[in-house]
Amino acid sequence: MSQKFTIHGRLPSLNEYINAERTNRYKAAKLKRDLQERIGADIRAANLKPAQVPVTLVYTFYESNRRRDKDNIAAVAHKFVQDSLVNEGIIKDDGWDYITRFYDEFYIDKENPRIEVELCTR
């Protein structure tokens with residue numbers, strides 16, 4: 001079984017998140033809250049059902065250009081998407097027993113940057 005949702009636009013890179021943490025811990029906490037609310041809204045809009053564990057996550061990143069490194073793009077997405085899936089009750093936890101693996105794919109779409117996330121169960 002498979003379920004999908006899309007996060008429109010792009011998320012901050014790991015470098016941007018680290019800079020927020022170094023600037024002010026309240027700024028980083030606000031950024032985290034805002035990101036989780038934004039991602040949570042996209043999850044709710046997709047009407048996902050609670051997944052049977054374990055799940056495999058497939059992230060397909062559509063960036064507007066090649067300026068950001070792939071690891072910086074994916075790191076923040078993994079953390080906040082997986083935390084949001086737990087917060088929204090789609091998966092019970094984001095530990096080893098609940099997410100067995102994840103895959104990343106990267107493409108360029110200048111007109112429509114986004115992240116498509118697919119949850120696959122056995």
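**Group meeting: strands, helices and a nonpolar core**

Let's start with Phe 5. Leaving aside neighbours within four places in sequence, Phe 5 is in contact with Ile 39, Asp 42, Ile 43, Ala 46, Leu 48, Val 81, Leu 85, Ile 115, Glu 116, Val 117 and Leu 119. Contact here means heavy atoms within 4.5 Å.

A word on the source. This is a predicted model, where local features need pLDDT of at least 70 and side-chain atom pairs count only at pLDDT 80 or more, while totals for chains, interfaces and linings use all residues. Residues are numbered from 1 along each chain as its sequence is written, and side-chain values use heavy atoms, with hydrogens and water left out.

Back to Phe 5. The largest nonpolar core has 26 residues, and Phe 5, Leu 85, Val 117 and Leu 119 touch the most other members. Strand E1 (2-8), helix H2 (25-45), E2, H3 and E4 each give two or more residues to this core. H3 gives the most, with 7 residues. A nonpolar core is a set of buried Ala, Val, Leu, Ile, Met, Phe, Trp, Tyr and Cys residues joined through side-chain atoms within 4.5 Å. Buried means under 20% relative accessible area, exposed over 50%, and partly exposed in between, with a 1.4 Å probe and protein chains only. Helices (H or I, at least four residues) and strands (E, at least two) are DSSP runs, numbered from the N terminus. In soluble globular proteins, nonpolar side chains tend to be buried together.

Now the strands. Two strands pair if DSSP finds at least two bridges between them. E1 has a covered face, Gln 3, Phe 5 and Ile 7. Its uncovered face is Ser 2, Lys 4, Thr 6 and His 8. E1 pairs with E4 in the antiparallel sense, over 7 bridges. Gln 3 has Leu 119 as its bridge partner in E4.

Next, strand E2, residues 55-63. How many of its residues are buried? 9 of 9. Val 55, Leu 57, Tyr 59, Phe 61 and Glu 63 point one way. Thr 56, Val 58, Thr 60 and Tyr 62 point the other way. E2 runs antiparallel to strand E4 (residues 114-121), joined by 8 bridges. With strand E3 (residues 99-108), E2 pairs in the parallel sense over 9 bridges. Leu 57 has Phe 102 as its bridge partner in E3. E2, helix H3 (residues 70-87) and E3 make a right-handed β-α-β unit. Right-handed means that, with the strands pointing away from the viewer, the path from the first strand over the helix to the second runs clockwise.

Thr 60 counts as buried because its relative accessibility is 9%. Its bridge partner in E4 is Glu 116. Beyond neighbours within four places in sequence, Thr 60 is in contact with Glu 105, Tyr 107, Arg 114, Ile 115 and Glu 116.

Last, helix H2. Its buried residues are Ala 28, Leu 35, Gln 36, Ile 39, Gly 40, Asp 42 and Ile 43. What covers the buried residues of H2 includes E1, helix H1 (14-23) and H3.

Ala 28 is in H2. Its relative accessible area is 5%, so Ala 28 is buried. Apart from neighbours within four places in sequence, Ala 28 is in contact with Tyr 17, Ala 20 and Glu 21.
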